Amino acid sequence: DHIPQRASNVARIFNGGITVARGLAQSQRMRFASFWQPSLFSKIKTEDEEQLFRTMALPPPDTQKIYRLATLLIDKNQTHVITGALDSIKERVMYDDCHVTEKGSRAIAAVIFDKIKPDLLELVKQKTSRPEPQEGAAP
């Protein structure tokens, strides 16, 4: 069956890209967060989205199975899986298989913010606990 192999390839490529991006961020002493976001293949669909899904010329029929299996293979130590971020919205938020409306974008942004908020608060704490450099002094 080609589905497990294709899902494995998707996850391997995604995880590899995240490893490279994380390494780059660390080399620059930056924080990094990655997110496996919702799509039409992961979302609990509204009636309108179900109609959209049935009428799409693309993707191939197995794409939803591949996406869902790849989601299970994503390295959760490197990536926040937020595929359920849109499930509670009872109106259409998908334009196509992966693009969302403003309401969908706001819902995803709220979930991302909740995930990174502890890091942001820690950065604020670090910034406010350091003495400000004196004028003319090297930073």
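Reader: What makes Arg 31, Asp 119 and Glu 122 a network?

Author: In this predicted model, salt bridges link Arg 31, Asp 119 and Glu 122.

Reader: How do you know that Asp 119 forms a salt bridge with Arg 31?

Author: Take the closest N and O atoms of Asp 119 and Arg 31. They are 3.2 Å apart. The cut-off is within 4 Å, so the pair counts as a salt bridge.

Reader: Where in the chain do Asp 119 and Arg 31 lie?

Author: Asp 119 is in helix H4, and Arg 31 is in the loop between H1 and S1. The two are 88 residues apart, so this pair links distant parts of the chain.

Reader: Why are Asp 119 and Arg 31 called partly exposed?

Author: Buried means under 20% and exposed means over 50%. Asp 119 has 34% relative accessibility, so it falls in between. Arg 31 has a relative accessible area of 38%, so it is partly exposed too.

Reader: How many salt bridges does the structure hold?

Author: It holds five. One of them joins Lys 43 and Glu 49, with the closest N and O atoms 2.8 Å apart. That is within 4 Å, so the pair passes.

Reader: Is Lys 43 buried or exposed, and how do you know?

Author: Lys 43 has a relative accessible area of 1%. Buried means under 20%, so Lys 43 is buried. Glu 49 is buried as well. Lys 43 sits in the loop between S1 and H2. Its contacts include Leu 86, Val 93 and Met 94.

Reader: Why is the pair of Phe 14 and Trp 36 called edge-to-face?

Author: The ring centres of Phe 14 and Trp 36 are 4.8 Å apart, and the planes stand at 80 degrees. Centres within 6.5 Å make a pair, and planes over 60 degrees apart make it edge-to-face, so Phe 14 and Trp 36 qualify. Phe 14 is in helix H1 and Trp 36 in strand S1, so the pair ties together parts 22 residues apart in sequence.

Reader: What makes Trp 36 buried, but Phe 14 partly exposed?

Author: The cut-off for buried is under 20%. Trp 36 has a relative accessible area of 8%, so it is buried. Phe 14 is at 21%, so it counts as partly exposed.

Reader: Why is the pair of Phe 41 and Tyr 67 called tilted?

Author: The ring centres of Phe 41 and Tyr 67 are 6.1 Å apart, and their planes are at 45 degrees. Stacked needs under 30 degrees and edge-to-face needs over 60, so this pair is tilted. Phe 41 and Tyr 67 are both buried.

Reader: What makes the aromatic residues a cluster?

Author: Ring pairs link Phe 14, Trp 36, Phe 41, Phe 53 and Tyr 67. The structure holds four aromatic pairs.

Reader: How do you know that Lys 45 lies over the face of Phe 53?

Author: Lys 45 is at 4.8 Å from the ring centre of Phe 53. The distance limit is within 6 Å, so Lys 45 meets it.

Reader: Which residues touch the most other members of the largest nonpolar core?

Author: They are Leu 86, Met 94 and Ile 108, out of 14 residues. Helix H4 gives the largest share of this core, three residues.

Key: Residues are numbered from 1 along each chain as its sequence is written. This is a predicted model: local features need pLDDT of at least 70, side-chain atom pairs count only at pLDDT 80 or more; totals for chains, interfaces and linings use all residues. Side-chain values use heavy atoms; hydrogens and water are left out. A nonpolar core is a set of buried Ala, Val, Leu, Ile, Met, Phe, Trp, Tyr and Cys residues joined through side-chain atoms within 4.5 Å. Buried means under 20% relative accessible area, exposed over 50%, partly exposed in between (1.4 Å probe, protein chains only). Helices (H or I, at least four residues) and strands (E, at least two) are DSSP runs, numbered from the N terminus. Rings of Phe, Tyr and Trp (its six-membered ring) pair if their centres lie within 6.5 Å; planes under 30 degrees apart count as stacked, over 60 as edge-to-face and the rest as tilted. A charge sits over a ring if NZ of Lys or CZ of Arg is within 6 Å of the ring centre and within 35 degrees of the ring normal. Contact means heavy atoms within 4.5 Å. A salt bridge is a side-chain nitrogen of Lys or Arg within 4 Å of a carboxyl oxygen of Asp or Glu. Lists of a residue's contacts leave out its neighbours within four places in sequence.
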